[in-house]
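Here is a short note for a colleague, to be read with the structure open. Please keep the viewer at hand while going through the points.

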Amino acid sequence: LLLSALLILLSSFSFAQPRKRMHAHRAIRKTAVVLVYAHKQVKQNKVYTGNLARAVRHQRYARFLFHKGKFGRAIHHTRRARQLAFLVINANKGSVNKEWEPAKEDAAGAPADQELEKELPKEDEKLTDEQLILQELTDVDLEEAIKDK
């Protein structure tokens, strides 16, 4: 009985991990598209709120967590990055595409925004929107840099 319970537990874990990985992958890819659009909006309209830099920091950390196998936490950070990117887009008179909205499951068990902010690595703390618009966002996606669509 104990052995069968252990096998059931292990099999449910092995099926959950790939599903969580795929979910995190899709969420990070979608956020990358939103960030590229937000970056373009700031470049054109020059409304600097600091949210673009914060969004990029969360997205970079989400990618790091993804590669470490911490898929749930990566989803939370990419969701936060997308929220901040939406604020950037709105501040720069852009419009948010409905299909960019996070899935309901992205927010399931989400920690407070302040908790996510505290988790960010300190080395990028001084990153600014002004610095970001001078470069291409090549490190916000899991694959090669996405091209302007």
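The points below go from the whole chain to single residues.

1. **Ground rules.** The model is predicted: local features need pLDDT of at least 70, side-chain atom pairs count only at pLDDT 80 or more, and totals for chains, interfaces and linings use all residues. Residues are numbered from 1 along each chain as its sequence is written, and side-chain values use heavy atoms, with hydrogens and water left out.

2. **Overall make-up.** The protein chain has 5 helices and 0 strands. Helices (H or I, at least four residues) and strands (E, at least two) are DSSP runs, numbered from the N terminus. Along the sequence the pattern reads α-α-α-α-α.

3. **Burial and surface.** The protein chain has 149 residues, and 39% of them count as buried. Buried means under 20% relative accessible area, exposed over 50%, partly exposed in between (1.4 Å probe, protein chains only). The accessible surface comes to about 8,900 Å². Carbon and sulfur atoms hold 57% of that surface. Areas come from the Shrake-Rupley method with a 1.4 Å probe; for residues, only the protein chains shown count as cover.

4. **Contacts across the sequence.** Take contacts between residues at least 6 apart in sequence: 82% join residues at least 24 apart. Contact means heavy atoms within 4.5 Å.

5. **Tyr48, in a loop.** Tyr48 lies in the loop between helix H1 (2-45) and helix H2 (51-67). Its relative accessibility is 32%, so Tyr48 counts as partly exposed. Leaving out residues up to four places away in sequence, Tyr48 touches Val42, Asp129, Glu130 and Ile133. Thr128 is 80 residues from Tyr48 in sequence, yet the C-alpha to C-alpha distance is 8.6 Å.

6. **His58, in helix H2.** Is His58 buried or exposed? His58 counts as buried, because its relative accessibility is 0%. The residue sits in helix H2. Residues up to four places away in sequence aside, His58 touches His77, Arg80, Ala81, Leu84, Leu116, Glu117 and Leu120.

7. **Aromatic pairs.** The count is 3 aromatic pairs. One of them is Tyr61 with Phe64: ring centres 5.9 Å apart, planes at 15 degrees, so the pair is stacked. The rule covers rings of Phe, Tyr and Trp (its six-membered ring) with centres within 6.5 Å; planes under 30 degrees apart count as stacked, over 60 as edge-to-face and the rest as tilted. Tyr61 and Phe64 are 3 residues apart in helix H2, so about one helical turn separates them. Tyr61 is buried at 16% relative accessible area, whereas Phe64 is partly exposed at 43%.
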